[in-house]
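Please read them with the structure open beside you.

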Amino acid sequence: MSGDAYAKAGVDQGVADSAVAGLVKALGAIQLGRPSRQVALPGHYASVIELDQRAGIALSTDGVGTKLLLAEQLGRYDTIGIDCVAMNVNDVICVGAEPLAMLDYIAIDKADPAVCAEVGVGLARGAELAGIEIPGGELAQLGEMVRGVDVSGACFGTVALDEIVDGSAVQPGDAVVGLPSSGLHSNGYTLARSALDGLDLGEDPEGRLGGSLGEVLLEPTEIYVKPVLELLRSEVEVRGLAHITSGGLGNLLRLAAEVGYEIDEPLPVPPVFGLIQERSGTSDAEMHEVFNMGCGFCVVVSAEDEEATLNLLRAHYPQSGRIGGAAADLGIRRG
């Protein structure tokens, strides 16, 4: 594969962006007969609805994607629920909210008690790691509409309206601190599966991964809630929070400030990304657009708060580090 490898593998992000734009346009035309309670956070990670003049509810929904096909291939579903929780709560904390609860939605061709029990194990573990409850959900048997199982969720949290973190406070010279990912997380699996097709999931190709390929690919998405909440409750002024998913470090540009970012000290890249790139012929630029490349979450703070931020975060993630800084020029630059 070469060129637009992700599109050739089956995901055209340009078409997806156009589809989302169409949805947003239609939903923007909703007439309520009253003022909207929605806080303006265009393009951000979670939505916030005003409860009253002081408090808001943060909302997010997401799923696990085609990582589920690997779970099916390996006959192992006990970690997929962690991914579902992570993809939702990691977005909710990006607005400075504390996630409180999530509802799950499991779509399956025919109810399978063993599969659903394994999914439940992961959901419960993810909830514990995030400090949330899962008070309910939905199991939909969809017959011919679904092959296998799909898992998604919707999360809500609370945030004081005057403490929302939208990135508007970011200034040139601020430090960007990266938190390490646990691997691919839950993005880019269509490209990864295409690139790695034919390899034995029970083996470690050339002994380079430190575990079997299947184990590495099913490694659950990291949940960043507790250390980020600890940082938000500290004396540090958190100016921006970014969950690094599809789009890579370009997700920093979803923050509200009219700045760019220079990434000159990236975190180490796990070897599985190199394996994917070698077998697919994907360019460096596209790899950074599709995958997190070892950095799963970013915190933007002032240069003065960098040391305190690193001290706090390294207690949870010793590999955390300053990966770059905010700059006056727009866009993402890699040094």
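**Notes on the predicted model**

1. Glu206 sits in the loop that joins α6 (189-196) to α7 (213-218). The model is a predicted one, and that applies to every point here. The phi angle of Glu206 is near 60°, a positive value in a residue that is not glycine. Most residues other than glycine have a negative phi. Glu206 is exposed, its relative accessible area being 73%.

2. Which residue does Glu206 pair with in a salt bridge? The partner is Arg208, and the closest N and O atoms of the two are 3.6 Å apart. Arg208 has 25% relative accessibility and counts as partly exposed, whereas Glu206, at 73%, is exposed.

3. Arg208 also meets the side chain of Glu278 in a salt bridge, at 3.0 Å from N to O. This pair links distant parts of the chain: Glu278 belongs to helix α9 (residues 271-280), Arg208 to the loop between α6 and α7, and 70 residues separate them. Glu278 counts as exposed because its relative accessibility is 56%, and the cut-off for exposed is over 50%.

4. A further salt bridge joins the side chains of Asp264 and Arg322, at 3.4 Å from N to O. Asp264 is partly exposed at 37% relative accessibility, and Arg322 is partly exposed at 27%.

5. The structure holds 13 salt bridges.

6. Met293 is another residue to check by eye. Its phi is near 55°, again positive in a residue other than glycine. Met293 lies in the loop between α10 (284-290) and β9 (295-301). Is Met293 buried or exposed? At 11% relative accessibility it counts as buried, since the cut-off for buried is under 20%. Glu206, by contrast, is exposed at 73%.

7. Helix α4 (residues 80-92) has 13 residues, which at 1.5 Å a residue should span 18 Å; the C-alpha atoms at its ends are 19 Å apart, in agreement with that. Of its 13 residues, 13 are buried, so α4 is largely enclosed by the rest of the structure.

8. Helix α8 (residues 225-232) has buried residues at Val225, Pro227, Val228, Leu229 and Leu231. What do the buried residues of α8 pack against? They pack against α4, β3 (98-108), α5 (113-130), β7 (238-243), β9 and α11 (306-314). Helix α4 in that list is the one described in the previous point, with 13 of 13 residues buried.

9. On the surface, Leu23, Leu27, Ile30 and Leu32 form a nonpolar patch, with about 420 Å² of accessible area together. Leu32 lies in the loop between α2 (13-27) and β1 (47-50). Leu32 has a relative accessible area of 48%, so it is classed as partly exposed.

10. For the chain overall, there are 11 helices and 11 strands. A compact globule of 335 residues would have a radius of gyration near 20 Å, and the protein chain has 20 Å, so the two agree. Taken along the principal axes, the C-alpha atoms fill a box of roughly 50 × 50 × 40 Å.

11. Buried residues make up 48% of the 335 residues in the protein chain. Among contacts with a separation of 6 or more, 84% are between residues 24 or more positions apart. The chain exposes about 15,500 Å², and carbon and sulfur atoms supply 51% of that area.

How values were computed:
Residues numbered from 1 in each chain as written. Predicted model: local features only at pLDDT ≥ 70, side-chain atom pairs only at ≥ 80, totals over all residues. Heavy atoms only, no water. Patch = residues over 30% accessible without salt bridge, like charges linked within 9 Å, V, L, I, M, F, W, Y side chains within 5 Å. Areas by Shrake-Rupley, 256 points an atom, 1.4 Å probe, with all protein chains shown as cover. Salt bridge = Lys/Arg side-chain N within 4 Å of Asp/Glu carboxyl O. Helix = DSSP H or I, 4+ residues; strand = E, 2+ residues; numbered from the N terminus. Buried < 20%, exposed > 50% of the residue type's maximum accessible area, 1.4 Å probe, protein only. Expected span 1.5 Å × (residues − 1). Rg over C-alpha atoms; globule rule 2.2 N^0.38 Å. Contact = heavy atoms within 4.5 Å.
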